There are 2 protein chains.
Amino acid sequence: MIATQYEGGRTFSVVERAAAAPGRGKVRIKVAYCGVCGTDVHIYHGMMDQRVKIPLTIGHEMSGTVDAVGEGVRGFSPGDKVVVRPLDDRGQKPSDKGISHICEDLKFIGIDSPGAMQQYWNVPAFTLHKLPPEVDLRLAALTEPLAVACHDVRLSGLKQGEVAVVLGAGPIGMLVALVARKQGAEVIISELNPARIALARELGFTTVDPSSTSLVDFVREHTQNFMADVVFEVSGVQPAVEVMTQVAGLRGRIVMVAIHGQPRMVNLFQFFWKELQLIGARVYEKVDYEAAIALLTAGELPLQALITGVEPLRNIQTVFEQIDQNPSGMKVLLDCQ
Amino acid sequence: MIATQYEGGRTFSVVERAAAAPGRGKVRIKVAYCGVCGTDVHIYHGMMDQRVKIPLTIGHEMSGTVDAVGEGVRGFSPGDKVVVRPLDDRGQKPSDKGISHICEDLKFIGIDSPGAMQQYWNVPAFTLHKLPPEVDLRLAALTEPLAVACHDVRLSGLKQGEVAVVLGAGPIGMLVALVARKQGAEVIISELNPARIALARELGFTTVDPSSTSLVDFVREHTQNFMADVVFEVSGVQPAVEVMTQVAGLRGRIVMVAIHGQPRMVNLFQFFWKELQLIGARVYEKVDYEAAIALLTAGELPLQALITGVEPLRNIQTVFEQIDQNPSGMKVLLDCQ
């Protein structure tokens, strides 16, 4: 089998090795596709070298089929189509209060332990979700980011007919927009990148370029002064933090999806004045994976449009180099077959 | 009757005039006591001269008895003990979505129209809440700030047995602490002022001076790493904004009670990482007034301890001057009888 490894210094190696037998409670997966996440690019940039044990096979947005099951594993058989929910929460403590998906000692599979950018991958059986046999494994590789979007929308408490503003239409922002629309919201997207604006519009979204149009004025007019019921901050930049409190209406909910690496200037007065809520949202829970798989299976989301390209696993080095040079790109999949 | 008027330039006048008859839908109240709110001090400092129509009788934390009722008023008779919920929400629009207590065109009685720092006060009947006859009208003058605290605690979703940290133990912070404890929370107060620390401790609260003790370490030890379930930010200062995300545990709720006059540096990463929530809370709703009156009537909160002094209405000028010079003080009442 072929496995890729992050070696530090913006370098991946491609190595040949034998597929290991799955240990007790584990399953060996024949990986079909593995998407490249922003976090993977972050790792490639060396930003997480303190956390990542080099050399490491990374990758966590995958689809595949069960290849072999270890002792004590029930409910999975070779040939089953599966995705992995890459959260190892076995380090849970009482002070985590049962909030397992973000427990203090959470290990993220593909960052803290080997990931899916290889042909065969052994994971604990408790991380698996079975897919219906008819599911397209290319689209299924989007399950993980789609589950992020399902989590974000679920925590927002979005109700049918509400207005949702999505700040930033990268892969996660676009998936959030798709899920929010599917749940009956009227979605307005704010995005600077022309290619992403074009894609958002192709997908039927009302889309504003805040460098040329005032998003606040636009939302005010568009909603007859009701403003947004829900705002998803998916951009990670200061201007979005400024606008998020302005576009939210009375008791609006702002979901913090983006990772802000530094403290930001926040208009706390607006939180007080309009009784806004800020809701942090990180990864997903089991129920979000189930929701994502149901959406995927229903086949009603235009997920294919989010796949920028599919490249052979052994091209991983050029794939990461190209992603770096293409801020317009959405989701690139590595074909691990 | 005597009425006081804010004249601008840190000056109050005391004027003699006839009590007006209550118009249709209005009630004339014989004011008993009127507390001095931080907002009143703000007005005195000239900070709200753009909003306040000088000369104006201010004051909104009051108690009194019905003196006369205007045409069309039902349910109130002379002699009834009452408090006023000083929110005139008659300007509600559809875009307020029924969230009347913070509607865009809300008029705050005592700021946007004449207030209670006078002997007789005419207000719309819909602002009145009746008090049981046995209630002490001095304590009843705390109904308004107590309703703020009830609102804050209600919006926090506080459950019995949870740990609540209150940042800042001025009158509102102390009332929040009392209400939270009454609802079964374990309360930790953070306060810098020695006199307020002493009062908080007299009232039985675990109290930390963050200038000499690390609040974060204290809460960590005190809770065996669970950290706070709920944090009430009642101080309005940047250091509290920094600490609020640190003392909150997984999915902790932070209630923004304070008025931050300028944008603050907020660690949004912590909101993401721990799935924190920030909940803006402003004034109160009808149900909060009812809760406050029930607490007051039950007589189980040590509200008397929060009353720093009771001064004759005609001494208003010296009262405000003294409040300015006494950062340790809590609630001063004007005796309007």
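Predicted model: local features only at pLDDT ≥ 70, side-chain atom pairs only at ≥ 80, totals over all residues.
Residues are numbered from 1 along each chain as its sequence is written, chains are lettered from A in the order in which they are written, and side-chain values use heavy atoms, with hydrogens and water left out.

Let's start with the whole interface. On chain A, 46 residues are in contact with 46 residues of chain B (contact means heavy atoms within 4.5 Å). About 4000 Å² is buried between the two chains, and carbon and sulfur atoms give 63% of that; buried area is the accessible area (1.4 Å probe) that two parts lose on being put together, summed over both. A:Leu250, A:Leu268 and A:Phe272 supply 18% of the area that chain A buries against chain B, more than any other three residues.

Now for the charges. There are 4 salt bridges between chain A and chain B, a salt bridge being a side-chain nitrogen of Lys or Arg within 4 Å of a carboxyl oxygen of Asp or Glu. In one salt bridge, the side chain of A:Arg251 meets that of B:Glu285, at 3.0 Å from N to O.

Last, look at the strands, which are DSSP runs (E, at least two residues) numbered from the N terminus. β15(A) and strand β15 of chain B (residues 264-266) run antiparallel, joined by 3 bridges; two strands pair if DSSP finds at least two bridges between them. Here A:Met265 stands opposite B:Met265.

How values were computed: Helix = DSSP H or I, 4+ residues; strand = E, 2+ residues; numbered from the N terminus.
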